[in-house]
Amino acid sequence: MDHLSMVEWARAQFAMTALFHFFFVPFTLGMSFVVAFFETIYVKTGKKEWKEITQFWQLIFAINFALGLSTGIIHEFEFGTNWSTYSWVVGDLFGAPLAVEGIIAFFMEATFAAISFFGWKRVSKGVHLASSWLLAIGSNLSALWILIANGFMQHPSNEFGNFNIDTSRLEMIDFWKLIVQPVAQVKFLHVVSAGYTLASIFVLGISAFYLLRKKHVEFAKKSAAVAAAFGLVSSIFVAVIGDEHAYEVANTQPTKIAAAEGLYVGEKGAPIVAVGIPKNLKATEVTSNDEAFAFKIELPHMLSILGKHGFNAYVPGLKDLINGNPEYGIWPLSKLAKIGQEARDDLKAYHAAKEAGDKAAMEKARNDFYSVVWTGPEGLKLRKADLIGYGFFEGKNPDLIHPPVPPVFYAFHIMVSLGFWFILLFIWAWVAVVKGSFENNTLLQKLAVLTVPLPWVATSFGWMTAEIGRQPWTVFGVLPTAESATPIALANVQATFFMFLAAFVILGIAELKILFTVVKHGPKGAH
């Protein structure tokens, strides 16, 4: 019980840090490019007003950039303090992209941020513009490497990683395949385009705020025009790549997509629940999907189309993923857990034989550990070693193998709903800008202002969908969350939780106060 309490507190601390850090990340990703766009227009036109526009939005970007950097450092330290077992088991593989992020992306950001923020009067226009673009590229490369690392956690593969029986650790075998894994690439594109959408809404909303107050009118009109164009393209791309992301999740993390849609019993032509109130039920006790909701409105066949690219394709539910479904080749949890436990036994037998100097027993245990239990299309092979994490669930409550449905369902649906609202808002704003009516459309301006905080809500719920939806795993199918934590005193985690909470509250208040002050003073004298 104490161990589980410690795990839950460690998860709460990590989630708090991640969500607070994630308030800054998408804004940094998007605003870096927005600033580069504005400066490009300034360099092309040579007009002073575009320089003032660039410097104003750059000041806001710089404030966010500094705070985001500090919270990110805290985040990485938590891998060593609260999740040292995880760091030990997967550090060789997980740490590689983070190391590249530090060596390449972080140094790009640090170098070109200095020139971009402080070099207006020290370098030429061309050098300064190049620095702004390289800062934007560096910021987004940073996200790429982090999401490659996260993509491995979401979908580990023996194509790029191998569990070494001698060291009891996951090790890299193909760095290139780790980089190009589809799960990581679509996640990266989804996250960065969401960041572009967030930044565009922020610029559009602040511009609308100035127009409502009849202040800085020309500044606001020009800023809104760029934001509406960039935001329209970005928000549509979020939806398009989100469709591909859903397909990848449905085929690599079926429990996540089932929880996100409240699908307990697998169906052909499975619908998407557009609106619903799911019940918190045990998957093993549900007999139909209708009883899983207090209320729902469905879109027929849409989950099969999005998740499997087939009108009547079969999508497994949580109950199928626990009990198995031979018709569709789905193994029951009991079989996975049995194989996983056998892998754990082979690992123990190998090290016992190694200690005793019994080479024959070592070889037998090794062969058993790496034996192939399933061969798929294109020569894909699944070995006992790849299922070792399931061994921790043998004899356990089978409902522990999937995430809680209501949190994942609500987080996913709020994210998607807000995404569609952003597209509609940008279409409306872009049409108004083209017609020259944005300046006088007070309804659109008010809605733009009210929408400013919503992208942060959407990105936070998107991250919650990804991370809560991965439970009960830190590395899906390989390492359970309950086995990943550092065995330290509960009081230590609780103490640091409240210390970080206090620090984040203070930093958050400081950030908002500074931003409100900058927005209040407007573009004049931004630098």
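User: Which strand gives the most to the lining of the largest cavity?
Analyst: In this predicted model, strand β5, residues 293-299, gives the most, with three residues.

User: What else lines that cavity, and how much space lies in it?
Analyst: The lining consists of E261, G262, L263, E267, P271, V273, N289, F293, K296 and E298. About 50 Å³ of space lies inside.

User: How many cavities of 30 Å³ or more turn up in the whole structure?
Analyst: One.

User: Switching to rings. How many aromatic pairs are there?
Analyst: The structure holds 42. One of them is Y196 with F230, tilted, with 5.4 Å between centres and 35° between planes. Y196 belongs to helix α7 (residues 182-212) and F230 to helix α8 (residues 217-252), so this pair ties together parts 34 residues apart in sequence.

User: Are those two buried or exposed?
Analyst: Both Y196 and F230 are buried.

User: Back to F293 from the lining. What ring does F293 pair with?
Analyst: F409, edge-to-face, at 5.5 Å centre to centre and 65° between the planes. F293 is in strand β5 and F409 in helix α14 (residues 405-435), 116 residues apart.

User: Why does F293 count as buried?
Analyst: Because its relative accessibility is 6%, and buried means under 20%. F409 is buried too, at 1%.

User: Which rings are linked into a cluster?
Analyst: F27, F56, W57, F202, F209, Y210, F219 and W456.

User: And which charges sit over rings?
Analyst: Among them, K335 lies over the face of W331, 3.9 Å from the ring centre. The charged end of R344 is over the ring of F392, at 4.0 Å from its centre.

Notes
Residues are numbered from 1 along each chain as its sequence is written. This is a predicted model: local features need pLDDT of at least 70, side-chain atom pairs count only at pLDDT 80 or more; totals for chains, interfaces and linings use all residues. Side-chain values use heavy atoms; hydrogens and water are left out. On a 1 Å grid over the protein atoms alone, a cavity is a set of points where a 1.4 Å probe fits but cannot get out, and a pocket is an open set with protein on both sides within 12 Å along at least five of seven lines; lining residues have an atom within 4 Å of a point. Grid points are joined across faces, edges and corners, and a volume is the space filled by probe spheres set on the points. Helices (H or I, at least four residues) and strands (E, at least two) are DSSP runs, numbered from the N terminus. Rings of Phe, Tyr and Trp (its six-membered ring) pair if their centres lie within 6.5 Å; planes under 30 degrees apart count as stacked, over 60 as edge-to-face and the rest as tilted. Buried means under 20% relative accessible area, exposed over 50%, partly exposed in between (1.4 Å probe, protein chains only). A charge sits over a ring if NZ of Lys or CZ of Arg is within 6 Å of the ring centre and within 35 degrees of the ring normal.
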